[in-house]
Amino acid sequence: MTQGSAMLLLPNQITAAMITTGTSVPVVDSARGEVAWSIGTPYTGVETKINDGGRLWTAVASSTGVRPGTDSTKWRETGPSNRMAAFDDKLSTKSIGAGELKLVIKPGFFNGLALYGLVGEQLEITLRNTPGGAIIYQWIGDMFEQPFGLFEYLYMPLRQITKRLASDLAMGTDAELTIRITAAGTGVCGVGMVVCGFWETLLGTGEFGGVEYGASAEIKTYSYIGTNEDGSTSIVPRASATNINCSVVIDAEQANKAVDVLTQVLAKPVAIVLSGLPRYEYLNTFGLISGNVTADTWRTAKLQITGKGFI
């Protein structure tokens, strides 16, 4: 990826129709307990993981012919199917495979890719100009960070790489993107979120500026932590998220463009990259972005950006 600063990935919506032949996760993943909803099947109110339209449902009352989502007294939604889990707006829901996970999609026009919540041993990203056509981008690599020194190499477990970003991808009307994650034997392979879209820089076309030093990343846990009457502590582990905060200096003439970009992403989860340099990866997150713009001088403006990370 190019070493950009203050970049947002505006996502395309990935629908079930865009997931094509070659994907290893079936539409209804019976290996993970999913069962397709059927209009003629009588449901007694105890059934779970009923798959309809890529969402999973639990029956809460008896019914026959009542489609999930049309009557809340009969059905309760519990989340995405395994096939669609990587394409919702939650990092905590993963598409999972044993030994291999392969997703083949046709996302339309896009020039950027962000993968979050990766699990596995090796990652392969392949972009073809048409299904089965010429490769126009490919990245293959291990999903572990290199050790800092001999001690870490000999005695410490390698850290899992959980995200991968790509930019400046060639666009095509019929491009096919393949994401393949593998692990030895039946090891767990997974991805929490696949984001395809367009990178926008908050710097506009200015020749100077960028994220100032002092940018911060807050790792926030949503675990329940309570103190009992006897002084002991109860902890219920839950997911965590990364919130970011930064100031971005831009050319004053680019302030209008920056405001337009921020307006586009209001209430829309996006990937944000404060720096493309590897040592600042902790300043990148996925979530909701808000900000304000200050006219500092006749030549510069300053954006104050806050990102609320998603779990």
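Predicted model: local features only at pLDDT ≥ 70, side-chain atom pairs only at ≥ 80, totals over all residues.
1. On the overall make-up, you'll find 24 strands and 2 helices in the chain. The C-alpha atoms sit in a box of roughly 70 × 65 × 50 Å along the principal axes.

2. How much of the contact set joins residues 24 or more positions apart? Counting contacts with a separation of 6 or more, the share is 66%.

3. Now the surface. The chain exposes about 16,100 Å², and 54% of that area comes from carbon and sulfur atoms.

4. Strand β14, residues 176–182, is worth a look on screen. Is β14 mostly covered or mostly open? Mostly covered: 6 of its 7 residues are buried, which here means under 20% relative accessible area.

5. Which strands pair with β14? Strand β9 (residues 100–105) runs antiparallel to β14, with 6 bridges joining them. Strand β11 (residues 122–128) also pairs with β14 in the antiparallel sense, over 7 bridges.

6. K102 stands opposite R180 in β14. For R128, the bridge partner in β14 is E176. While you're tracing these strands, remember that side chains in a regular strand alternate between the two faces of the sheet.

Key
Residues numbered from 1 in each chain as written. Heavy atoms only, no water. Helix = DSSP H or I, 4+ residues; strand = E, 2+ residues; numbered from the N terminus. Contact = heavy atoms within 4.5 Å. Areas by Shrake-Rupley, 256 points an atom, 1.4 Å probe, with all protein chains shown as cover. Buried < 20%, exposed > 50% of the residue type's maximum accessible area, 1.4 Å probe, protein only. Pairing = 2+ DSSP bridges.
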